[in-house]
Amino acid sequence: MAAPHLQQPSFLLATLKADCVNKPFAQRCHDLETVIEELPAKELHGIFPWLVESIFGSLDGIIVGWNLRCLQGRTNPNEYSVALDFLDPSGPMMKLVYKLQAEEYRYDFPVSYLPGPVKASIQEQVLPECSLYHNKVQFPSSGGLGLNLALNPFEYYMFYFAISLITQKNSPVTHHVSPSNSAYFILVDTYLKCFLPTEGSVLPPPSSNPGGAIPSPTPRSPAVPFSSYGMHHTSLLKRHIAHQPSVNADPASQEIWRSETLLQIFVEMWLHHYSLEMYQKMQSPHVKLEVLHYRLSISSKHHGSPAQSSYQALHAYQESFKPTEEHVLVVRLLVKHLHAFSNSLKPEPLSPSAHSHTASPLEEFKRLVVVIPRFVQEKLYIFLQHCFGHWPLDASFRAVLEMWLSYLQPWRYAPEKPPQSTEPLPRSVSDKWAAFIQENLLMYTKLFVGFLNRALRTDLVSPKNALMVFRVAKVFAQPNLAEMILKAPCHLPFYCDRCFLSAEHP
């Protein structure tokens, strides 16, 4: 299809919609690539929202789109290859994203389709602490309904991509579909490796203007006054890239905003499904994870009526959320990659002056992010707790179990290699992980007790169920791990499971 340079967006959109009915998939993608290459951003602007929805499906789940979750190379090799090439970080779709990004277009994303606690918080005019939402909430236009987020093209694309894992979970699924071999799973892995690389730097965006930089998002004035639970609006970066002057900023630094944005979107869309009350407590800078658990503990019989009332509030605000096995597998992929990303940080140079001259923006990002403890820990803990309490008592729980065990073992994803030994002895967990264990104590203790409670109610005659018990026992039996768990300082102002297991707490 030749790309007419003077087409109006409405005519172009009508033509592309007709092609969806009349042309095969590969031909449509080829034509879209031609259109993206030849037409200016002004004409492409009008088709972008439709194209994103036609790929990832509608937010209400009615339009399935390309059904990437069921698209596999084994069953549909041609469509699988074409889709991955089209959506690759250096492919036509990303070229369109950056083309529109350069012109600073904005697209509305309905707040009503955000995860329950975020939606409820914004609707109550309480701004989430995550910088992803700052300066983006817009009042509806005259006669319009609901609040919207005004997103730049990269944010809009990634919002749809990430949330399609949730909204499209009821889409038609063929038999013998392996989630880890789907086009969606492969794209998640590809985007993580591209925008959060463990080696090298983030690839510059493709540009039709050689040498031209794609500007990072500029700060925008808030359209509606919001309060916030945080003391200040925090970014993962010490100095938010979006607030750097685009003229003098290092081109490499300008692109770190994509890494931060991708990480925030994935965590917010995939792990942010729990009670409104819990969400509000998590936003408070004065509330620690342990206190959160105490206030909302299911074991209310140990704590009296206050915990009971909090438990009732938890269920009063709990949104209907049933994560699928595919959802859990994608979260595990994220956890494993973040461990590898954090552990790929180069050692600090001996000379401070050397650091200031040699540290790349990506290395600074790795150092400042402290990805796992700060940004993922709380949401992942609640996500796992929900799965432990609601997942069926069958072998499908293996997906949740392996995701939990992956989080507990960051040393598995460290670049260091175990020493060569002729004896197959278990590798001792280094003392350098003591800080991680201390920061994630409830992950090792409360969830361990949760697993034991599940195991007691599971048919262990089944080999698959028995294997899960073996897997947990093998992980916790690693030399030095139990000692570090028991030695971790206990600041919990209540009866904790670690103390229950060791019988050291009065």
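1. In strand S4, leucine 149 is the bridge partner of valine 137. The model is a predicted one. Strand S4 covers residues 148-151 and runs antiparallel to S3, with two bridges joining them.

2. These strands belong to an open sheet of three, ordered S1-S4-S3 and paired antiparallel. Strand S1 (107-110) and strand S3 (137-138) form the edges, each pairing on one side only.

3. Salt bridges come to nine in total. One of them is between glutamate 155 and lysine 136, at 3.2 Å from N to O. This pair links distant parts of the chain: glutamate 155 lies in helix H8 (residues 153-167), and lysine 136 lies in the loop between strand S2 (126-127) and S3, 19 residues apart. Glutamate 155 and lysine 136 are both buried.

4. Glutamate 402 and arginine 398 also form a salt bridge, at 2.6 Å from N to O. Both sit in helix H19 (residues 398-408), and because they are four residues apart there, about one helical turn separates them. Glutamate 402 is buried, at 9% relative accessibility, whereas arginine 398, with a relative accessible area of 30%, is partly exposed.

5. Within it, the closest N and O atoms of aspartate 19 and lysine 23 are 4.0 Å apart. Is aspartate 19 buried or exposed? Its relative accessible area is 11%, under the 20% cut-off, so aspartate 19 counts as buried. Lysine 23, with a relative accessible area of 26%, is partly exposed.

Technical notes: Residues numbered from 1 in each chain as written. Predicted model: local features only at pLDDT ≥ 70, side-chain atom pairs only at ≥ 80, totals over all residues. Heavy atoms only, no water. Pairing = 2+ DSSP bridges. Salt bridge = Lys/Arg side-chain N within 4 Å of Asp/Glu carboxyl O. Buried < 20%, exposed > 50% of the residue type's maximum accessible area, 1.4 Å probe, protein only.
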